[in-house]
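Visitor: Please take me through some of the packing in this structure, one question at a time.

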Amino acid sequence: MIFSNRKNIADLTDLELIDLHKKKDDNQYVGVLFKRYTHLVFGVSMKYLKNEELAKDMTMQVFEKLLKNLQKHEVLNFKSWLHVLCKNECLMYLRK
């Protein structure tokens with residue numbers, strides 16, 4: 001029987017996924033984060049926007065922005081950083 005030292009991609013930590021995304025410029029790692037945190041982003045969006053369709057659109061917009069921002073920023077606590085990113089996007093939308 002052969003054992004592999006490689007982890008399943010779903011078992012990687014948030015910071016490992018971000019690091020791999022930066023190194024390999026592969027969006028599949030952000031896709032795992034998307035699956036992990038969609039409920040958080042949608043919930044924050046609902047809190048601020050109070051409209052299900054707008055919240056769904058905002059969820060997609062936040063993750064599109066996430067692809068760009070992860071390359072630029074050093075993220076130490078992804079969940080908190082994502083929460084702030086989502087809140088700021090909702091507030092900018094409401095200001096318009």
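Guide: This is a predicted model. We can begin with Leu-49, which touches Leu-54, Ala-55, Met-58, Cys-90, Tyr-93 and Leu-94, leaving aside residues up to four places away in sequence.

Visitor: Is Leu-49 buried or exposed?

Guide: Leu-49 lies in helix 2, which covers residues 28–49. Tyr-93, one of the residues it touches, is 44 residues away from Leu-49 in sequence, yet their C-alpha atoms are 8.7 Å apart in space. The relative accessible area of Leu-49 is 9%, and buried means under 20%, so Leu-49 counts as buried.

Visitor: How are helix 3 and helix 4 oriented to each other?

Guide: The axes of helix 3 (residues 52–72) and helix 4 (residues 78–95) come within 10 Å and cross at roughly 120°, and the crossing is right-handed. An angle of 65 to 115 degrees would count as roughly perpendicular and one over 145 as roughly antiparallel; the two helices are therefore oblique.

Visitor: How many residues of the contact of helix 3 with helix 4 are nonpolar?

Guide: On the helix 3 side the contact includes Leu-54, Met-58 and Phe-63, and on the helix 4 side it includes Trp-81, Leu-85 and Tyr-93. Two residues of this contact are polar and two are charged, while the number of nonpolar ones is 14.

Visitor: Which residues does Asn-69 touch, not counting residues up to four places away in sequence?

Guide: Asn-69 is found in helix 3 and is buried, with a relative accessible area of 9%. Its C-alpha is 9.6 Å from that of a residue 16 places away in sequence, Leu-85. With residues up to four places away not counted, Asn-69 touches Trp-81 and Leu-85.

Technical notes. Residues are numbered from 1 along each chain as its sequence is written. This is a predicted model: local features need pLDDT of at least 70, side-chain atom pairs count only at pLDDT 80 or more; totals for chains, interfaces and linings use all residues. Side-chain values use heavy atoms; hydrogens and water are left out. Axes are lines fitted to C-alpha atoms, for helices over the stretch in contact, and angles run from 0 to 180 degrees between N-to-C directions. Helices (H or I, at least four residues) and strands (E, at least two) are DSSP runs, numbered from the N terminus. Angles under 35 degrees count as roughly parallel, over 145 as roughly antiparallel, 65 to 115 as roughly perpendicular and the rest as oblique. A crossing is left-handed if the near helix is turned anticlockwise from the far one by less than a right angle, and right-handed if clockwise. Contact means heavy atoms within 4.5 Å. Ala, Val, Leu, Ile, Met, Phe, Trp, Tyr, Cys and Pro count as nonpolar, Asp, Glu, Lys and Arg as charged, and the others, Gly among them, as polar. Buried means under 20% relative accessible area, exposed over 50%, partly exposed in between (1.4 Å probe, protein chains only).
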